[in-house]
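Hello,

Here is the structure I promised to pass on to you. Below it you will find some notes on what turned up, so please have a look and write back with any questions.

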Amino acid sequence: MNKVLCDVAIIGGGPAGLAAAVAAKEEGAKKVLILERDNALGGILQQCIHPGFGLTRFGEELTGPEYYGRFVEKAKKSGVEYMLNSMVLQVNHEASEVICASSEYGLTAVKAGSIVLAMGCRERTRAGIMVPGTRPAGLYTAGSAQRLINRQNIMVGKKVVILGSGDIGMIMARRMTLEGAKVVMVVELMDYLAGLTRNRVQCLDDFGIPLKLAHTITRIEGNERVTGVWVAPVDEKKQPLSDKAEFVECDTVLFSVGLLPENELTRKAGIKINPVTNGPEVNQYMQTSAPSVFACGNVVHVNDLVDNVSEESATAGKYAAQYAMGKLQGEQKTVNCVTGRNVRYLCPHKVDANQKNGKVTLYFRVLHPEEGVRLVAKCGGDIIASHKEFRVNPGEMNHITIETDKITSDSVTVEVEKAGE
Amino acid sequence: MMLKTDVVVIGAGAVGSAVARELSKYNVDVIVVEKNEDVGGDASKSNSAIIHTGYDAAPGTLESQLVVAANPMYDDLVKDLDVPFSRIGAILPAITDEQFEKLPEIKAKAFKNHVYDVEYKSGKELLEMEPNLNPEVKGGLWIPRESIIDPFILVQALCENAHDNGVRFLLNTKVVDIKTEKGKIKSVVTTGEEIETTYVINCAGLYCDEIAEMVGKAEYKVVARKGQFFILDKNTSCQVEHIVLPIPTKVTKGKLMCPTIHGNMLVGPTAEDQDSKVDKSTSAEGLQSITNDVKNLVPGVNVRDTITQYSGLRPNRNPEGLNFDMWDDLEGYVNLSGVRSTGLTLSVSMGKYVVEQLLNHGAGFKLKDNFIKKRRGIVKFSECTIEEQDALIRENPLYGNVICRCETITEAEILDAIHRPLGARSVDAVKRRVRAGMGRCQGGFCGPKVIEILARELGVSPTEINKNNDGSYMVTGSTR
């Protein structure tokens with residue numbers, strides 16, 4: 001077996017892995033090695049040829065390839081190494097070792113000072129939301145269709161219904177239209193948009209694609225290829241009103257019904273997973289329950305903006321480098337982050353209160369949309385941070401920054417309060 | 001052009017495949033005609049994947065004889081043909097007093113079927129064996145030889161081995177007529193070529209009544225009985241280690257929960273008679289009824305962890321029962337009907353039974369001395385040790401190219417699936433051979449790559465790659 005030694009091994013060469021690698025180098029790690037299963041760096045951004053990336057980070061609108069291109073350039077300049085076409089099969093954190101398979105390098109054991117998990121996420125499927133009906137050809141997750149179209153130049157269908165108003169679904173509605181397909185409608189179970197508002201405007205409204213909120217697909221028809229779907233409104237309990245179902249003819253259904261962190265390796269390694277985010281539990285260093293293993297990006301929690309991923313991943317890379325260099329060995333005082341009113345989850349899940357002058361940004365998503373609110377972080381009854389938001393909704397991530405020096409008890413609670421309360 | 005053969009087997013499901021393989025031991029020319037693009041049949045590829053003992057068959061029937069006889073054959077068969085198989089055993093828990101009172105009757109029936117290893121177990125014993133069982137379990141039966149198998153690989157293996165022994169397969173070919181002359185079989189007319197033959201063996205399952213009608217022997221009807229199933233993620237929180245069967249009622253055998261041979265959980269099936277022989281849709285009601293019923297057995301079952309739902313159509317016979325028929329006034333014609341949920345199990349004994357009947361009726365088949373008994377399976381990279389994986393990649397670097405991330409299926413395995421005898425021509429055929437796309441993302445990741453690999457290896461455009469049968473095209477053309 002091929003053997004490789006490095007300071008920081010990074011699993012995944014998408015935006016998270018790239019940002020972590022660059023940061024690890026900047027922090028002083030000598031050998032930083034990215035293990036990437038694809039034939040190129042960039043991850044999912046390779047197929048995201050639309051603009052909309054980088055507004056926060058670079059103050060300009062970039063396409064996916066332009067965005068990751070900047071990181072690839074930095075990574076190459078700073079001497080980050082990478083192995084392409086290399087699929088990691090297991091992470092052995094006790095031995096601080098990663099095993100990967102590759103046609104080019106054979107089976108390789110990578111021994112590292114620290115490991116960064118940056119495997120990204122995968123799409124929830126039709127089965128995950130249990131849409132009944134037949135199992136014909138023409139059912140794709142939005143991301144698979146995007147890969148076929150944008151990377152393989154293959155068109156998947158001519159008349160399309162999209163289930164789910166997530167960002168990929170809306171972006172694919174526009175993309176399919178630009179490729180000459182008819183997008184009949186986008187169907188969304190909730191009575192609000194799942195993705196970013198700007199995508200609704202730019203991808204649906206601008207192309208006259210109808211959005212059916214509070215509707216769902218109740219049945220798929222067709223034996224060989226999809227012939228159509230039944231679309232019905234849902235009641236307040238999200239139960240379809242089947243007597244009001246309408247048949248919509250189509251040859252393709254795209255599912256954009258959520259993303260799930262891809263934690264097969266994490267689970268197999270015995271690293272603690274948070275049941276709400278389905279990602280590893282981390283502290284502000286993006287350190288998992290296995291001290292030598294760090295995690296960042298969509299493998300931890302699904303982000304809506306890659307800019308956030310880059311920032312969070314730079315944190316992971318920085319501390320992974322410190323750990324590998326023996327600098328992150330001090331005793332930690334772990335404080336739990338607790339979800340309060342209208343907060344679905346918090347990330348990081350834990351904070352080391354021993355960090356001196358630490359500023360920790362807690363990212364979170366709300367459970368339901370709300371307007372005129374105040375985001376509040378509390379510790380032992382004291383408000384340690386707060387700010388107002390005009391509007392919050394589950395499709396867009398929120399954050400609040402706390403100072404570690406202000407932590408006085410063993411938990412920090414974040415909640416969304418009605419402003420004025 | 002007219003093809004010539006000795007025996008035409010109609011249908012490459014479990015029974016047709018087993019019959020063909022059994023015949024391939026003899027110096028007889030055999031052609032299998034299959035309407036689908038791949039071997040594997042219809043009912044044979046969507047069922048509970050259990051090899052039964054026959055404990056609950058109607059005693060004294062042909063079905064009882066064949067199932068009971070088939071079960072022990074699998075130990076050698078799965079070794080010869082390299083088929084994933086495990087004797088995990090079944091538990092039949094009695095949850096209510098009423099069910100508990102039925103146990104002696106069920107056990108007595110098992111004994112009548114000569115299934116003598118069925119044992120009574122107390123509720124405590126059952127909970128030790130299967131901690132996720134309903135804690136109210138009063139006691140139950142343990143049926144140790146009930147087993148699980150990969151049903152796709154079983155049928156593929158039977159066919160590949162038959163093929164290695166000279167059987168010809170005509171796929172994508174539908175039988176449209178059977179010609180007879182003077183009370184004898186003359187030929188089989190298909191959507192492809194006409195085949196002159198001495199024997200026709202009707203193993204058409206769901207469509208066996210339509211085949212029988214072609215020779216005027218339609219003495220029954222096939223009613224499709226739909227069974228819906230859930231497959232749960234390998235990581236689902238609540239799992240079982242054995243087949244957990246409900247106590248049957250008069251109406252139905254009920255819905256079970258069991259592991260699949262690849263480590264998923266399977267729950268189902270429903271039993272819904274329907275007119276259509278093609279409608280394999282699932283319904284919200286069906287899926288709900290599975291959830292409700294299986295919760296009685298295993299309260300913690302989490303159907304939210306489903307990775308796919310499917311249904312199969314059992315070819316139920318009306319009037320009921322497994323039938324083997326030959327007629328004096330129609331020489332050379334064999335009709336099999338009423339092959340239902342035990343069909344997968346009894347396929348291998350049925351193969352032997354059919355050949356024996358033909359021999360008894362004057363077929364002068366002689367055993368070959370060059371029969372190839374063994375079939376080589378596709379190497380499963382994911383099941384190899386690190387050292388074996390290392391050696392595989394050294395030998396063939398394509399073992400290092402993982403295509404399916406969920407099941408860790410490599411390009412080398414997919415190429416083997418495509419290029420072996422009766423190889424995969426469609427996305428589903430690849431999936432059934434190597435499990436690419438069978439995992440939790442259901443082909444979201446590997447699907448586009450599998451289309452690309454199939455097109456490349458078969459030398460066709462991606463638009464010609466189907467999910468399965470004609471018309472199930474995956475993509476429509478190139479982008480602008």
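Helix α5 of chain B is largely enclosed by the rest of the structure, because 13 of its 14 residues are buried (a residue is buried if 20 or more other C-beta atoms lie within 10 Å of its own, exposed if 12 or fewer, and partly exposed in between, with C-beta atoms placed from the backbone). Helices (H or I, at least four residues) and strands (E, at least two) are DSSP runs, numbered from the N terminus. α5(B) covers residues 151–164, and its end C-alpha atoms are 20 Å apart, which agrees with the 20 Å that 14 residues should span at 1.5 Å a residue (the expected span is 1.5 Å times one less than the number of residues). After α5(B) comes B:G166, with a positive phi near 100 degrees.

A word on the source: this is a predicted model, in which local features need pLDDT of at least 70 and side-chain atom pairs count only at pLDDT 80 or more, while totals for chains, interfaces and linings use all residues. Residues are numbered from 1 along each chain as its sequence is written, and chains are lettered from A and ligands numbered from 1 in the order in which they are written.

Next, the domains of chain B. Chain B is divided into domain 1 (2–45 + 151–220 + 320–360), domain 2 (85–148 + 223–315) and domain 3 (381–464), with bounds that come from an automatic or database domain assignment. The centres of domain 1 and domain 2 of chain B, taken over C-alpha atoms, are separated by 31 Å. Where these two touch, domain 1 of chain B provides nine residues and domain 2 of chain B six residues (contact puts C-beta atoms, placed from the backbone, within 7 Å).

Chain B also has an open sheet of three strands, in the order β4-β9-β5, with antiparallel pairing (two strands pair if DSSP finds at least two bridges between them). β4 (50–51) and β5 (85–86) of chain B stand at the edges with a single partner strand each, so one side of each is left without a neighbour in the sheet. Two bridges join β4(B) to β9(B), residues 147–149, and B:I50 has B:I148 as its bridge partner.

How do the two chains meet? The contact takes 41 residues from chain A and 45 residues from chain B. On the side of chain A that touches chain B, α3(A) gives the most, with five residues. That side of chain A has 16 nonpolar, 15 polar and 10 charged residues (Ala, Val, Leu, Ile, Met, Phe, Trp, Tyr, Cys and Pro count as nonpolar, Asp, Glu, Lys and Arg as charged, and the others, Gly among them, as polar). β11(A) and β25(B), residues 477–478, run antiparallel and are joined by two bridges, with A:I154 partnered by B:S478.

Best wishes
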